[in-house]
Amino acid sequence: MIRAIAIVIIAAALWLLAVAVPAGEPEKPNAITLGSIGDAQRLIPMLASDSASGDISGWVFNGLVKYDKNINLVGDLAESFTASPDCRKVTFKLRKGVKWQDGQEFTAADVLFTYQKAIDPKVATPYSGDFERVEKITAPDPYTVQVVYKEPFAPGLASWGMGIIPKHLLDNTDLNTTEFNRKPIGTGPYRMKEWVTGQKIVLTANDTYFEGPPHVEEYIYRIIPDNATMFLELKAGGLDFMGLSPLQYQRQTDTAYFKQYFNKYRYPAFAYTYLGYNLLDPRFRDKRVRQAIAYAINRQSVIDGVLFGLGRPATQPVPPESWAYNPDVPKFEYNPEKARQLLAETGWKDTNNDGILDKDGKPFQFTILTNQGNDERRKTAEIIQQNLRKIGIQVEVRVLEWQAFLHQFIDKKKFEAIILGWSLGRDPDAYDIWHSSKTKEGEFNFVSYNNPEVDQLLLAGRNTCDQDQRKKIYNKIHALIAEDQPYTFLYYPDALPVLHKRFKGISPSPIGIWYNFPTDWYVPKNKAEWYR
Ligand code: ZN
């Protein structure tokens, strides 16, 4: 996702990028056009759980807090905040004079309303977990919000990075179905101008934005379901920003032409890609089977052959940049022999000599689903297919359109295995992904992972403020999850954005390049400065 808000997002492709203007100048130099492989769905922030929806929603709405370029939490709609040392209480002082895009004033009543909706069981949000820990929330005056948690709650402050929604427009409406999801009105730097389903979303600069009107007048989000087509569009001047594939980054951008018009960037994405199993499927219930598959997958060949070295093998649900990363988790280095052994232990043997393992008269075959538009995932699936064929498991690969994949297959648990990614929040709390209670439709534990010890540690990790103590807890969680292999962790990708050179004011930082887009990016009026 583009904006660094404090929540996890299902990543379609980490890189939406684009820059342009080779064959002719941009039609609207002061607009930025981006490519996305998927359309957005619902833009109310607590419902915007995929990367496209999160990108758009992130410019229309503000949270109370956000991350700055050095990944510290700072005020956003909050002018300041204080958190008690035991992380049970947070007090926000809100900015005064902030206007909703319809002219009404933003106040503490909107914060309370957002909270009430986040915990409303009728609202299909995957983010309720953070807000259910609140014991009491009050607004002693229109510019102060006090939150008290039932017990110490470490991710409490960061959870207020979720976008605040307007009470006066949404009171007594069904958030799941309201038109507001397509015609949102926020406090953010951009407002909705036009949404043509499946084609484009156009945002326009909010000239009453509290940090000042953005310099870039329009933000145009084009839906282009295929990364190769997107790249052609980029080179033809139809896009200013996209996420390059590793192949494009390494092999197709080294031309004089490309270097004249575009800047490309590379940094570790705070993300991982995984093979997830439907743990309700009896074949995947025994962890030895999942461990066998982990041993059978040659991750290094994925890094070399698919990522062209622009990523690292993954072992656990956080990248090495996280303070909660555990270097000592079980790693399941490539070992097909060990894989065969484990499968034999669990009763999988090729009884009919056709090269495929059998059990109870049935061959071991399953389908991996992944999404369209992300070639790395499809190619990774094909490598896994070859790797597993070698140990006697037959895999089919099926590639699905992004929204269909999420809502018809993932949400409904209609899959055997999937290749998917998480773009993570900075706090290691991943209660929503791993806790056994988070398995309802639309929630994030769609593989149905259930380990009581992990459940208990997930709670302990959130209910502790001390970072050293939290580090121990999360290290243990990551070791248990690596041992259990509800996902086989595949790789930590690099983000590879590319941007047209006419945009200035970009300052890459540990959190990426987008954090200062509304305030600092601009296009010089004098065209002679564009390609410097
Ligand atoms: Zn067989």
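A residue counts as buried under 20% relative accessible area, as exposed over 50%, and as partly exposed in between. Keep that handy for these exercises; the model you're looking at is predicted.

**Exercise 1.** Work out which class, buried, exposed or partly exposed, Asp354 falls into.

*Solution.* Start with the value: Asp354 has a relative accessibility of 41%. That sits between the two cut-offs of 20% and 50%, so Asp354 counts as partly exposed.

**Exercise 2.** Decide how helices α15 and α16 are oriented to each other.

*Solution.* Take the angle first: α15 (residues 452–462) and α16 (residues 467–484) pack at about 155°, with their axes 9 Å apart. Angles over 145 degrees count as roughly antiparallel, and so that's what this pair is. The crossing is left-handed. Now look at who touches whom: Leu457 and Leu458 are among the contact residues of α15, and Ile473 and Ile477 are among those of α16. By type, the contact residues split into nine nonpolar, one polar and four charged.

**Exercise 3.** Say how many residues of helix α9 are buried.

*Solution.* In α9 (residues 287–296), eight of the 10 residues are buried, so the helix is largely enclosed by the rest of the structure. The buried ones include Val289, Arg290 and Tyr295.

Methods. Residues are numbered from 1 along each chain as its sequence is written. This is a predicted model: local features need pLDDT of at least 70, side-chain atom pairs count only at pLDDT 80 or more; totals for chains, interfaces and linings use all residues. Side-chain values use heavy atoms; hydrogens and water are left out. Axes are lines fitted to C-alpha atoms, for helices over the stretch in contact, and angles run from 0 to 180 degrees between N-to-C directions. Helices (H or I, at least four residues) and strands (E, at least two) are DSSP runs, numbered from the N terminus. Angles under 35 degrees count as roughly parallel, over 145 as roughly antiparallel, 65 to 115 as roughly perpendicular and the rest as oblique. A crossing is left-handed if the near helix is turned anticlockwise from the far one by less than a right angle, and right-handed if clockwise. Contact means heavy atoms within 4.5 Å. Ala, Val, Leu, Ile, Met, Phe, Trp, Tyr, Cys and Pro count as nonpolar, Asp, Glu, Lys and Arg as charged, and the others, Gly among them, as polar. Buried means under 20% relative accessible area, exposed over 50%, partly exposed in between (1.4 Å probe, protein chains only).
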